[in-house]
Amino acid sequence: MLEISLFVILFLVLALPIAIGKVERNLEVFLFIMGIASVTCSHIWGVAPVWSIHLFKESMVEPVMITIAVIVFGFLMYFFRDKITAYIVNVERRIGSKWFSFVLVIALGLFSSIITAIMSSIILVEVVNALKLNKEYEIKLVILGCFSIGLGAVLTPIGEPLSTIAIAKLKGEPYNADFFFLFRTLGLYILPGILGLGLFGALIEPSIKEDSNENSLSEEKKSSIKDVFGYAGRVYIFIMALVYLGTGFKPIIDAYIITLPSPILYWINTISAVLDNATLTAAEVSPKMSLGQIQYILMGLLISGGMLIPGNVPNIIAAGRLNIKSKEWAKFGVPLGLIIMTIYFIIFSLK
């Protein structure tokens, strides 16, 4: 009964935001309800109680730092948006869309491990909001930027939660993971990936420029102070939902996933497109694994996290602020993610 109920919930999480507009417009609340449902099912039919004071505290505390960052950078953009916008537009016009996209995607990926994935995604939002180019092109640019941010942020433990958890789990023997462990372990794969995404960005130059906002991505209106707090609240609920989803699905992860061979686990980890990849990292990564197994697992989680909006925090922030719909994201994000995963799978298989 537990397995059936959790697979039904997983199907609903994947299908309803794309199929039903009302669910799409209230995605945070929907995922929160699905998270509560998954934890409740695991609590009722699981081998041990899941609902606890610890889980409730974790769900309240986990979103705090991200929410604070969203508020801080929201205020910065509120007060300095006009100056930032003018500078962005000037640079884009001087170097052209191709070079601008190339530099933007690569820079966001490289610096996300230093300035955090959150700040990088907010910068991406403000850049795209300022450009006023063709909408289809801008959606692709946003998704490429989020893939790049998701990859690059893992290189240090301050970039994103996944890297923090991975370092914490591997800090003892035999790896004695330090601040630069993931850079040494994954950098050889991450850096060419970011470069490839930048090159792809340079190849999708828009054929026309738009003179109005009607066919370009933008926030519905210029943010007010109230909007800054309102959006931060939505992010808070979103992260709470991911905590509950990760916890609720843990019985399935423990029973069916973590025991699988690395190549199969690599593809199974495409579920991080809708589940918190930090939670999956905590469940799957172990110091008993070989370095190759760790690389397999983490790369699968990182790449698939860019495929759908709930996959990682940059996606959530960018899609929410720029009103990108789940169908629009999946149309480009899923094929791109599968192509990237296939390329890396071939590379790892040849090692």
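Predicted model: local features only at pLDDT ≥ 70, side-chain atom pairs only at ≥ 80, totals over all residues.

Q: Okay, at what angle do H8 and H13 pack?
A: About 65°, with the axes 11 Å apart. H8 covers residues 181-203 and H13 covers residues 291-304.

Q: And what do we call that arrangement of H8 and H13?
A: Roughly perpendicular, because that label runs from 65 to 115 degrees.

Q: Is the crossing of H8 and H13 left-handed or right-handed?
A: The crossing of H8 and H13 is right-handed.

Q: Which residues in H8 and H13 meet?
A: From H8 you have Phe181, Leu182, Thr185, Leu186, Tyr189 and Ile190. On the H13 side they meet Leu291, Gln295, Leu298, Met299 and Leu302.

Q: How does the contact of H8 with H13 split by class?
A: There are 9 nonpolar and 2 polar residues, and no charged ones.

Q: Now the other pair. How do the axes of H9 and H14 cross?
A: H9 (residues 225-248) and H14 (residues 313-322) cross at roughly 145°, and their axes come within 11 Å. The crossing of H9 and H14 is right-handed.

Q: Which residues make the contact of H9 and H14?
A: H9 brings Tyr231, Arg234, Phe238, Ile239 and Leu242. H14 brings Val313, Ile316, Ile317, Gly320 and Arg321.

Q: How many of the residues in the contact of H9 with H14 are charged?
A: In that contact, 2 are charged, alongside 7 nonpolar and 1 polar.

Q: Switching to the backbone: is the peptide bond from Glu173 to Pro174 cis or trans?
A: The bond from Glu173 to Pro174 is cis, with omega near 5°.

Q: Where is Pro174?
A: Pro174 sits in the loop between H7 (161-169) and H8.

Q: What about phi of Thr116?
A: Phi of Thr116 is near 80°, so a positive value in a residue other than glycine. Thr116 is found in H5, which covers residues 64-131.

Methods. Residues numbered from 1 in each chain as written. Heavy atoms only, no water. Axes fitted to C-alpha atoms, helices over the stretch in contact; angles between N-to-C directions. Helix = DSSP H or I, 4+ residues; strand = E, 2+ residues; numbered from the N terminus. Parallel < 35°, antiparallel > 145°, perpendicular 65-115°, else oblique. Left-handed = near helix turned anticlockwise from the far one by under 90°. Contact = heavy atoms within 4.5 Å. Nonpolar A, V, L, I, M, F, W, Y, C, P; charged D, E, K, R; others polar. Buried < 20%, exposed > 50% of the residue type's maximum accessible area, 1.4 Å probe, protein only.
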